[in-house]
Structure formats: C-alpha cells, structure tokens
Amino acid sequence: MATAVYLNSAHSNPFQATKCKYAAQSVRAVPIRVLSVGKKRSRELQLMIDEYAEKIKYYCSFEDVQIRPNPRNARDQRAQVDDEDAAMMNHIRSDDWVVMLDERGQDIRSEEMAELVGNAGNTGASRLSFCIGGPYGHGRKMRERANKSIKLSSLVLNHQIALLVLMEQLYRSWTILKGQNYHH
C-alpha cells in the first residue's frame with residue numbers, strides 16, 4: 001500500500017508533492033472524456049488508444065471524441081482555430097471540469113496528474129474533459145473556458161502523439177490513485 005504524502009503549503013505551486021495524496025485512497029471517479037482535433041487515426045494508433053481506453057474504463061467511465069479539423073480554412077489559421085474551437089466547445093457542458101493541453105500550460109509530473117484526476121471528483125463537476133487542439137492549438141473560447149492548462153512535455157507534440165501520451169498518463173494516474181504497482 002502506498003504512503004500518502006500531502007501537499008506542502010509552503011510551496012507556491014499547489015502540485016509540488018512527491019507522491020499523490022490520494023494514493024491507495026478512495027476517490028470519487030468522475031467520467032473522463034478526451035476531445036481531440038485531428039484527422040483519421042492510423043490503425044496502429046487507434047489500437048493503442050483503444051487498449052488504454054479499456055484499461056481506463058476499469059476505473060471510470062471513459063469516452064474518446066475525435067473532432068474533425070477544418071481544412072477548408074487551412075490557409076487562414078485564425079479561422080481554422082476559431083472553427084475548431086467552436087466545434088470543441090459544442091462538446092463541453094457547463095458542469096465539466098476542463099483541462100486544456102497546451103504547449104504553454106503548466107508542466108506537471110505523473111503524481112500531479114493523478115492528483116488532478118483525484119481532485120476532479122471534489123470540484124462538483126460531473127465530468128473531466130481533456131482537450132487537445134489541432135495543429136495551431138486552441139482558440140480564445142477554450143482558453144477562457146479551461147479550468148486548467150497543462151503540458152505533457154516541454155517538447156511540442158503532434159496531436160496524435162499527445163493523445164497517446166495523455167491516455168497512458170490517465171491510466172498511470174488511476175494506478176497511482178489505487179496504489180497499484182504500474183507507476184513504480
């Protein structure tokens with residue numbers, strides 16, 4: 001059984017604990033939805049996404065929503081971002097806890113991602129929505145709506161790679177929360 005380490009209030013960043021405070025404790029599992037803008041996925045990528053989705057479903061309800069990019073506005077980047085932004089916003093409810101994946105977002109570790117997932121049940125939200133933008137990122141509406149902005153890496157990731165990394169981290173988060181051996 002994992003030892004819980006609580007957040008140190010002396011830190012300016014509320015995610016500076018070395019271990020997740022929810023490890024091996026009961027958390028309210030809110031459904032998770034991943035929204036991603038992108039073209040048709042390769043068969044191999046889809047198989048990996050499906051594999052992680054099945055693993056995540058062991059812990060909570062999970063949904064993967066793919067939003068088509070807007071290629072007709074490909075020459076006008078701002079119009080493309082705005083159209084994709086509107087399409088993504090159509091999938092978000094007012095009571096969702098929204099996490100935007102962004103290259104300028106907060107850099108978090110796996111234990112901090114687990115805390116984010118664990119804390120979602122305490123926000124009053126009925127669903128935790130992770131949003132991955134298209135090649136030009138997110139628009140103004142998503143940036144205003146997001147409850148949290150994170151980055152998965154200091155490297156800029158292709159949206160399909162970001163999706164795969166996110167799926168693995170969501171599964172890892174649940175194993176941390178449940179005190180299982182997958183993480184270390």
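The model is a predicted one. In the chain, Arg41 belongs to the loop that runs between strand S1 (32-37) and helix H1.

Two polar contacts involve the side chain of Arg41. One is with the side chain of Ser36, at 3.2 Å; the other is with the side chain of Gln46, at 3.1 Å. If neighbours within four places in sequence are left aside, the residues in contact with Arg41 are Ser36, Gln46, Ile49, Asp64, Gln66, Gln160 and Leu163. Of these, Ile49 of H1 and both Gln160 and Leu163 of H5 also take part in the contact between those two helices.

## Overall layout

The chain contains five helices and five strands. Read from the N terminus, the order of elements is β-α-β-α-β-α-β-α-β-α. The chain has 184 residues, and 48% of them count as buried. When contacts between residues at least 6 apart in sequence are considered, 82% of them join residues at least 24 apart.

## Helix H1 against helix H5

Helix H1 covers residues 43-57 and helix H5 covers residues 159-177. Their axes lie 9 Å apart and the packing angle is about 20 degrees. Angles under 35 degrees count as roughly parallel, and H1 and H5 are therefore roughly parallel to each other. The crossing of H1 past H5 is left-handed.

On the H1 side, the contact is made by Leu45, Met48, Ile49, Tyr52, Ala53, Lys55 and Ile56. On the H5 side, the residues are Gln160, Leu163, Leu164, Met167, Glu168, Leu170 and Tyr171. Sorted by class, this contact has 11 nonpolar residues, one polar residue and two charged residues.

## Helix H3 and what covers it

Helix H3 (residues 110-120) has 10 of its 11 residues buried, so this helix is largely enclosed by the rest of the structure. The buried residues are Ser110, Glu111, Glu112, Met113, Ala114, Glu115, Leu116, Val117, Gly118 and Ala120. Among the elements that cover them are S1, strand S3 (96-107), strand S4 (127-132), strand S5 (148-151) and H5.

H3 packs on H5 at an angle of about 75 degrees, with 8 Å between the axes. The range from 65 to 115 degrees counts as roughly perpendicular, and H3 and H5 are therefore roughly perpendicular to each other. From H3, the residues that meet H5 are Ser110, Glu111, Met113, Ala114, Val117 and Gly118. Their partners in H5 are Leu166, Gln169, Leu170, Arg172, Ser173, Trp174, Ile176 and Leu177. By class, the residues of this contact are eight nonpolar, four polar and two charged. Leu170 of H5 is listed in the contact with H1 and also in the contact with H3.

## Glu63 in strand S2

Glu63 is part of strand S2 (residues 62-67). Glu63 is partly exposed, with a relative accessible area of 35%. Not counting residues up to four places away in sequence, Glu63 touches Ile32, Arg33, Val34 and Arg127.

The C-alpha atoms of Glu63 and Ala53 are 7.8 Å apart in space, while the two residues are 10 residues apart in sequence. Ala53 is one of the H1 residues in the contact with H5.

Key
Residues are numbered from 1 along each chain as its sequence is written. This is a predicted model: local features need pLDDT of at least 70, side-chain atom pairs count only at pLDDT 80 or more; totals for chains, interfaces and linings use all residues. Side-chain values use heavy atoms; hydrogens and water are left out. Axes are lines fitted to C-alpha atoms, for helices over the stretch in contact, and angles run from 0 to 180 degrees between N-to-C directions. Helices (H or I, at least four residues) and strands (E, at least two) are DSSP runs, numbered from the N terminus. Angles under 35 degrees count as roughly parallel, over 145 as roughly antiparallel, 65 to 115 as roughly perpendicular and the rest as oblique. A crossing is left-handed if the near helix is turned anticlockwise from the far one by less than a right angle, and right-handed if clockwise. Contact means heavy atoms within 4.5 Å. Ala, Val, Leu, Ile, Met, Phe, Trp, Tyr, Cys and Pro count as nonpolar, Asp, Glu, Lys and Arg as charged, and the others, Gly among them, as polar. A polar contact is a pair of N or O atoms within 3.5 Å; within protein, one must be able to donate a hydrogen and the other to accept it, and residues adjacent in sequence count only if both atoms are side-chain atoms. Buried means under 20% relative accessible area, exposed over 50%, partly exposed in between (1.4 Å probe, protein chains only).
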